[in-house]
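Here are my notebook entries from a look through this model. I jotted things down as I went.

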Amino acid sequence: MKELIYDRHIAERFTLLAIAASALLSFAACKKLVAVDPPVTSITGENVYSSDATAISTLTALYTDMSLKDNHFNNGFPMISLYAGLSADELTLFDLSNATALAYYRNALTTNPPTGVETWSSCYPYIFICNSAIEALTKANALTPAVTQQLLGEARFMRAFFYFYLVNLYGDVPLPLTTDYKVNSLLPRTPASAVYAQVISDLRSAEDLLSADYLNGSLQKYASSEERVRPTKWAAAALLARAYLYTGKYDSAELAATSVINNTSLFSLTTLGNVFLKNSREAIWQLQPVTSGTTNTQDAYLFILPPSGPGPVNFVYLSDTLVNSFEPGDQRKSAWVGSDTVGGNVYHYAYKYKVNASNVPQSEYLMMFRLAEQYLIRAEARANQNNISGAQDDLNAVRARAGLPGTAATDKSGLLAGILHERQVELFTELGHRWLDLKRTGNIDAVMTIAAGKKDGSWSSDWQWYPIPLNEMLKDPNLTQNRGY
Amino acid sequence: MRLTAILLLAGFLQVTARTAAQTVTYSAREIPLVRAFSIIEKQTGYVFFYDEADLQGAKPVSIRWKNTPLAEALDSLLAGQSLAWQINGKIIAIARKQIATEVGRSAIPAGDIRGRVVDSTGSPIAGASVLVKGTQRGAATDAKGEFVIKGVEGGVTLVVTYTGYEPRQYKYSGQTGVTILLERSTSPLDQIQVIAYGTTTQRFSTGNISTVKSEDIEKQPVDNPLLALEGRVPGLFITQANGLPGAGVTVRVEGQNSISGGNDPLYVVDGVPYPSQLLTTTYGAPLGNSGGPVIGGVGSPGGNPLNYINPSDIESMEVLKDADATAIYGSRAANGAILITTKKGKAGQTKIDVNMQNGWGRVTKMLNLLNTQQYLQMRNEAKANDNSTIAASDYDLNGAWDTTRYTDWQKELIGGTAQYADIQSSVSGGTANTNFLVGAGYHRETTVSPGDFADKKGELHFNLNSASANQKFKLQLSGSYMVDNNRLPGNDLTPTAIRLAPNAPALRNKDGSLNWAPTSTGTSTWSNPLAGLNKYYQNKTYNLFSNAVVSYQVLRGLEIKSSFGYTNMQVNEFTPNPLSAVKPESRATATRSAIFVNNLSNSWIAEPQLHYNAVIRRGRLDVLLGTTIQQNNSNGQNMAGLGFLSDAVMQDIRSASSVQVNSSLNAVYRYNAAFGRINCVWEDKYIIDLTGRRDGSSRFGSVNQFHDFGSVGLGWIFSQEEWIRKNLRFLSFGKLKGSYGTTGNDQIGDYQFMDLYSAIGNVGNPYQGTVALLPNGIPNPYLQWEETRKWQVGANIGVCKDFLTIAIDYDHNRSSNELLPYSLPVITGFGNVTENFPATVENTSWEFSVLARAVRAGNFAWSSSINVTIPQNKLIDFPNLASSASASVLVIGQPVSILKAFHSLGVDPTTGKFEFSDKTGKTTFGPDYSSDRTVLINTLPKFYGGFENSFSYKGFYLDVLFQFVSQLGPRYFYNNNAGAGQFNGGLGNQPVSVLNRWQKPGDIAPIEKFSQNTTLNSAVFNERSSDYGYSDASYIRLKNLSLSWRFPDRLIRKAKMQYCQLYLHGQNLVTITNFKGLDPENRSTVSLPLLRILTIGVRIGI
């Protein structure tokens, strides 16, 4: 009997426990309690492409980021001017303790420690942004059609732009065209010809899509003080001309270059002192500097030597090869080359950009494409098509601006040699033109064998291709290494 | 009125109260009650306090006490009187029984046993079990410690047990009310262990739990409480990043479960979860990281959040390891849990404790480096080997620097003495119903580098406990607030100290200004390390921590309870880059800049719970049910100000000409769960423990937001079996236990499942004046928990009345569904994506610990303990490893931290270059990193542990803790930066080991020829990535030494103090190792080694 009472108490207690427990559990396992909104610092992918302003900002991000990483601390894309310049016969390295620069300079890139990876690792993330923009924009229907069209054009142009440099520096490269990381992480290298085919197809499409006018940050025509910092139809044509030239499609190259050159309402060859100013009439596309503190180009900050001469910060100067290659009377030597005399040594430096002081108004933008190159492209395309006089005209247009007489070359080979030389002195320290020219014209072994001696290095033809980054090969087992590494 | 009087008197009377036995011996017949009171006062030192009016009509008493506990004596005096007693500190208050109690008691029919269970201070013990021996009758005590067992006549024996107390058999002879006193057990098996939502003891636990008490924490001069656990807890491996105050601390409980997700344990301070890592916007560079995961491509921040908890506030730290102990924490405890319990007020006289110590720290080790002569010889030999001439930038050789100069840069830059000062004080006291503790502390620690650097901490801590008169309602409130101001060099000077050319110029000119050693044209030939100190790092952290627990006993055995917690941590960091740190010639074009970090993270948590305990037949039942609602908010900005006009105004961001935001963070984390536990102990012999939890977290996609976790634990105390007791008399305790269960890991950072875009940081001048949005990463909406299945078996043995206690555990943890920031080639656009990957990682460990209680010989006593852990980590499965991005770092069947290395063939005697074996065994000079790394190097410890001995003689007390680890580490034979012979911007010095180099054909030497050649330098990198690049880094370290002397009682009493103790504490005093780098503990060859700290101090109680 007593046992029974005892047990009943227990039973009562358990009932109470069960009631309290169910009350307690009503709090638990509730979806509302674990739902969160996106952080206020971010916006979701869906929303980005649902309004014009945010959609535009994704492409603006490309230009911003490229511009932001325009210094050798961030090793961003524009550093190609430095690194490819060191690889070629343009620049001399003063500070031999700069290991990254030294590896490029001596053409002694290694896979361990990894060197030569800078362009690779800056281009592919940008290509992802292009791919994701293309995917989203082809689906987006909430945007103004003109905005969608311009952005698609920009994305295709930029994708072509990055692949152009990748294929020129690394040879065959993987060619991701979607954002699917499962597929992309296992891509093998695509033959260079197929990469070029993609570059040209993107550019032709971009040429159709992009605006013929320069647009502002809202993709509207400028009401006043136009800036040339977003790619246009003309930028696409300019890169297209270059891509055709590099692939030997001379007639197409000539056509594309002509379309830019003939647009005299926008473009003309200005005086040497004005070429690199912001929004100069020679500019087809420029990057606006975005870093605070140093409000003008980082190229000026890197290349212009202080009176004390080169040191750990300004660690390169122009090579004697380049300085000596200016013809007598070439005004570019005085307009675009500076010099320092320190302890009896004369150091020449690139002086295309002239403002390296901090906290001064912006007067120079980083040049990505300019008209003079189009003249030289057309000259080369015409020479290759045996249009000797046409080629001479174009070459002379550039020479005349430099205060030089017309070319003495009268045949194709003479002209091609003249054009290569002209490109050397016109386009030095601009996004690696010299290095790319030496490779595509087949002059690299002859030139670099001599240059390597001056650099205390050695030369092998294999080294015209930078190594595929080892880390990438470790993660993507389908990648193969270039010869010689 | 009466209570006030007691409280007022308390402070006065306690001073005179003597420590005295709490038993009484006396016999007398029919003496007045007050006479009996005075006998007790004389024998015990307790003081009676009562109202004369209450004692009117008190009956005379007869006494037969022989070593009778005080509580029983009081019961016998007041039996049959209408009086009740209560002890508050040293005061015994006598008052009239309350009417309600009388009514309550009279309602109970005769023949029932009723009584109460109290501890030695007279405080009631709630939840104790009272069983009638030989029957299945029993009851549990309520909040007032009272129990009733119905329908039992006199002449039985009651068996009273309660966690942490000696079990007691009480002969019940039929009196109407009994008070049974339980003494706290002295066996280590009965020390209270804090567990999730409750307490237990080693005796009745089925889990794998280790406890470190305040006595051990206080012995160690450390600023982070985690460092006090080193060498003391089996299964716990702790690494301090460097020797700076506030340095990062990496904690691993039973190994690395997650391949690259978070591996931090869950920290719970007084029931409130505490962060294991600081926010990712934290800069913290000099502090070194705490082994956090790399989230979204951002490196883990410097420092450790536990650094902002005062070790002196801690009563105990519990390390929970197996599923039984941790499954109730569900998704957060796959990596174990560390519970921190702060000190609480105790009933008793108000007392003041003061502890002051002062000390000195120096680095534990300096390297043996080349002197100037050897250095120049190396440089010249390299030039000769390379057929190269001395260049304009070779300042060490070309005459720019004095080639006869020699400076010991280690002595100069890290050879100073750090000052250590620590003052802690507290006031505590109270009555049985209300008690309090208020503490304050100050701590200051400087560094070994030149300059005015120090870490200063001030802290306030309080705790308040209160209970209603009937003990049914209870409130506990605690909080602490710490302000830390840490100012350190912006960069660790150690790498400079060990690499700077020994003939580098003097730090200062004769006039005291910094020496830049300019060339004739004004180019500085070096970066003066002292100028680097102008780039300092300042961290101000404000940490508020508070919690409250409210409980109410609804019915006997049923308690409704809720805990609430709020934490708020604010971190402000400032790192200037002033022009004074820049070479003079570059100042014209350089810009002053400064990094400002402002982080705020706060969290709140509410955990309503039901606790039920009962005695059912011969068993004790404990049931817990609860729910958790938690939210964490994190806000952070990492900003830079640029273009300051002067070095003096850089702390003010308004003085910057432009401001840019480098990164910002705004995250909300929500967490919701239901949990429960059923624990049953049958006949003190069989134990079953079931736990479960259903967890929901905002870190996962909507598809997988909830998950269930659970465990079962079983224990068998075989020493309670009659046949064991009879046959194995030496065995005082024996238990076999085992558990199995699941836990999870959600340490992946917030919003990983969302496709998010954020504005680019660092932009000072927006492109076209508009904001730019970049994608954060590749989103994965299917993210879910990483799961760890754990099983554990173990035994606890006590020999000779628990003189020797032995614990053996074998733990086996398997983690699957690994949350990986799955490494991707950058051709995908990002370096990684967070994924659940069907990989499996196994951690097993054998853990042994033996504790010997004091052996006494006269005034001398010696006790000893040792613990050893043998861990093993293994990658069990990783589908398609060969074709995955992890192919180069992981090997199935090997630890996840395995390193692949080249096989070194040493230096070719003909050419003087390092040679390696390729994958086919052929000799090669340029091995292929992707295919020729054929040797596996395991740097996990083979075993580790600690060995502690304590000696005491009269007032002297000596405690010595050795920590030992058997492991491999990087061999230090080059300076970790470049090959021997190079001169990188002034940094070219090497350890003397490079002298053993190849010089001419035919030489057999371990070091290749000196050279500046890049390919030979590449070979040095390869040699360091080879099997020769690793060597033994085992060590035995005298981790802690504590010597103290307690003033004799006689002097203490004269000085009206409670105690006074002088002491000497030392940390990292002696290290025995073959490791050639700086410190074998963090196996670092380039960061500031841990400091050897020695302090002297005094501890006073008033």
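I began with contacts (heavy atoms within 4.5 Å): in chain B, residues 24 or more positions apart account for 69% of those with a separation of 6 or more. This is a predicted model, where local features need pLDDT of at least 70 and side-chain atom pairs count only at pLDDT 80 or more, while totals for chains, interfaces and linings use all residues. Side-chain values use heavy atoms, without hydrogens and water, residues are numbered from 1 along each chain as its sequence is written, and chains are lettered from A and ligands numbered from 1 in the order written.

Next I looked up burial, where buried means under 20% relative accessible area, exposed over 50% and partly exposed in between (1.4 Å probe, protein chains only). Of the 1102 residues in chain B, 58% are buried.

Then I checked the box: the C-alpha atoms of chain B fill roughly 110 × 65 × 65 Å along the principal axes.

I moved on to helix H13 of chain B, residues 1014–1024; helices (H or I, at least four residues) and strands (E, at least two) are DSSP runs numbered from the N terminus. Its buried residues include B:Leu1016, B:Val1020 and B:Glu1023. Among what covers the buried residues of H13(B) are strands E44 (903–907) and E45 (914–917) of chain B.

Last, I searched all chains for disulfides (cysteine sulfur pairs within 2.5 Å) and found zero. For A:Cys123, the nearest cysteine sulfur is that of A:Cys130, 9.8 Å away. A:Cys123 is buried at 0% relative accessible area, whereas B:Cys800 is partly exposed at 45%.
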